[in-house]
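Let's take a friendly walk through a protein fold, from its overall layout to the way its parts pack together. Have a look at the structure first.

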Amino acid sequence: MTGSTMPLRMRGKADFRALREKLGVTQPLLAKRMHRDVRTVKAWEDPRFHYGPPREAWDWLQDLEMDMWRSVARTVADAEERRREAREAGRADPVVSLPYFRHQMEYESVGAPLGWFRLANAVSARAGDELNAKGFSVDYEYPSGVEN
């Protein structure tokens with residue numbers, strides 16, 4: 001899916017940076033993905049420069065955001081199902097454990113469905129916020145075998 005189906009509106013440099021950071025996308029990663037120099041990405045976000053990010057950069061970040069929210073929705077739905085099953089069986093509500101990664105190699109050691117650890121951490125953080133709002137107890141955990 002591309003962001004081109006989303007309504008086009010005026011968006012500022014700060015909007016772009018906030019979205020990029022929310023997704024855990026670094027400026028070097030974005031520069032590599034867009035086949036641009038990191039100085040160009042920095043200029044897209046700097047109010048001193050007159051040009052902003054191109055549509056392709058917005059589209060890519062919006063696609064990532066949609067992927068993130070789909071992953072969050074799956075995580076929340078899975079937790080709600082586990083809570084329903086626990087309650088039907090007369091057990092206490094389960095504590096939801098969400099993964100949190102310290103670096104890319106750690107993430108790749110358990111499989112990398114979202115591509116890089118910062119996006120996976122963004123999913124865990126957003127899912128944790130939603131689950132806490134729904135009354136769940138949430139623990140963040142490093143992959144098994146790693147000391148907390």
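Along the sequence, the protein chain of this predicted model runs in the pattern α-α-α-α-β-α-α-β. That gives six helices and two strands. Buried residues account for 37% of the 148 residues in the chain. If you take the contacts between residues at least 6 apart in sequence, 65% of them join residues at least 24 apart.

Now to the inside. The largest nonpolar core has 28 residues, and Leu23, Val25, Leu30, Trp60, Leu61, Leu64 and Leu131 touch the most other members.

| Element | Residues |
|---|---|
| α1 | residues 13–22 |
| α2 | residues 27–34 |
| α3 | residues 38–45 |
| α4 | residues 55–88 |
| β1 | residues 96–99 |
| α6 | residues 117–133 |

The largest share, nine residues, comes from α4. What does Leu30 touch, leaving aside its neighbours within four places in sequence? Leu30 is in contact with Phe16, Arg20, Val25, Val41, Trp44 and Trp60.

Finally, look at how two helices meet. Helices α1 and α4 pack at an angle of about 40°, with their axes 10 Å apart, and they are therefore oblique to each other. The crossing of α1 past α4 is left-handed. On the α1 side, the contact is made by Asp15, Phe16, Leu19, Arg20 and Lys22, while α4 brings Ala57, Trp58, Leu61, Gln62, Glu65, Met68 and Trp69. Sorted by class, this contact has seven nonpolar, one polar and four charged residues.

Conventions. Residues numbered from 1 in each chain as written. Predicted model: local features only at pLDDT ≥ 70, side-chain atom pairs only at ≥ 80, totals over all residues. Heavy atoms only, no water. Axes fitted to C-alpha atoms, helices over the stretch in contact; angles between N-to-C directions. Helix = DSSP H or I, 4+ residues; strand = E, 2+ residues; numbered from the N terminus. Parallel < 35°, antiparallel > 145°, perpendicular 65-115°, else oblique. Left-handed = near helix turned anticlockwise from the far one by under 90°. Contact = heavy atoms within 4.5 Å. Nonpolar A, V, L, I, M, F, W, Y, C, P; charged D, E, K, R; others polar. Core = buried A, V, L, I, M, F, W, Y, C linked by side-chain atoms within 4.5 Å. Buried < 20%, exposed > 50% of the residue type's maximum accessible area, 1.4 Å probe, protein only.
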